[in-house]
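This report is meant for a reader who has not seen this protein before. Please look at the sequence and the model first, and then read on.

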Amino acid sequence: PPRDNGAPVTAYLLECARSGGGGKRAAGAAGSAPQWLQVYSGAATDAVVPGLQPGREYQFRVRASNAAGASAASEPSVPTATPP
């Protein structure tokens, strides 16, 4: 949120998107922005993301949530490949 009014973070929202070619993309022309899917919501600062496919690249970003609402998303992570 633009202002937190001093409210503590109550949850972290983790979002994931495939990066590179062949990824799930939002409707539109090729090269459009990746489709971000929320894969975790909770108080922990680490998470296991199920369902990632071997040999694919993914990017992640995080939002923080509190009584004032959810923040803007962080910058996406560097693309990270899962093991083959």
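**Overall make-up**

The model is predicted. The protein chain has 5 strands and 0 helices, and from the N terminus on its elements follow the order β-β-β-β-β. Of its 84 residues, 25% count as buried. The accessible surface of the chain comes to about 5400 Å², and carbon and sulfur atoms hold 56% of that surface. Among the contacts in the chain with a separation of 6 or more, 62% are between residues 24 or more positions apart.

**Confidence**

The mean pLDDT of the protein chain is 85, and 80% of the residues score at least 70. Among the strands, confidence is highest in β2 (residues 37-42), with a mean of 97, and lowest in β4 (residues 69-70), with a mean of 91. Over residues 21-29 the pLDDT is below 50. Beyond near neighbours in sequence, that stretch has 15 contacts in the model.

Strand β1 covers residues 11-18 and includes Glu15. Leu13 is also found in strand β1.

Is Glu15 buried or exposed? Glu15 counts as buried because its relative accessible area is 9%, and buried means under 20%. Leu13 is buried for a like reason, because its relative accessibility is 12%.

Which side chains make polar contacts with the side chain of Glu15? They include those of Arg61 and Arg63, as the table lists.

| Side chain | Partner side chain | Polar contact distance |
|---|---|---|
| Glu15 | Arg61 | 2.5 Å |
| Glu15 | Arg63 | 3.1 Å |

Leaving aside neighbours within four places in sequence, Glu15 is in contact with Trp36, Leu37, Gln38, Val39, Gln59, Phe60, Arg61, Arg63 and Ala73.

Leu13, not counting residues up to four places away in sequence, touches Gln38, Tyr40, Ser41, Arg61, Val62, Arg63 and Ala70. Leu13 and Ala70 are 57 residues apart along the chain, and their C-alpha atoms are separated by 8.6 Å.

How values were computed:
Residues are numbered from 1 along each chain as its sequence is written. Side-chain values use heavy atoms; hydrogens and water are left out. Helices (H or I, at least four residues) and strands (E, at least two) are DSSP runs, numbered from the N terminus. Buried means under 20% relative accessible area, exposed over 50%, partly exposed in between (1.4 Å probe, protein chains only). Contact means heavy atoms within 4.5 Å. Accessible areas come from the Shrake-Rupley method with a 1.4 Å probe; for residues, only the protein chains shown count as cover. A polar contact is a pair of N or O atoms within 3.5 Å; within protein, one must be able to donate a hydrogen and the other to accept it, and residues adjacent in sequence count only if both atoms are side-chain atoms. pLDDT is the predictor's confidence in each residue, from 0 to 100.
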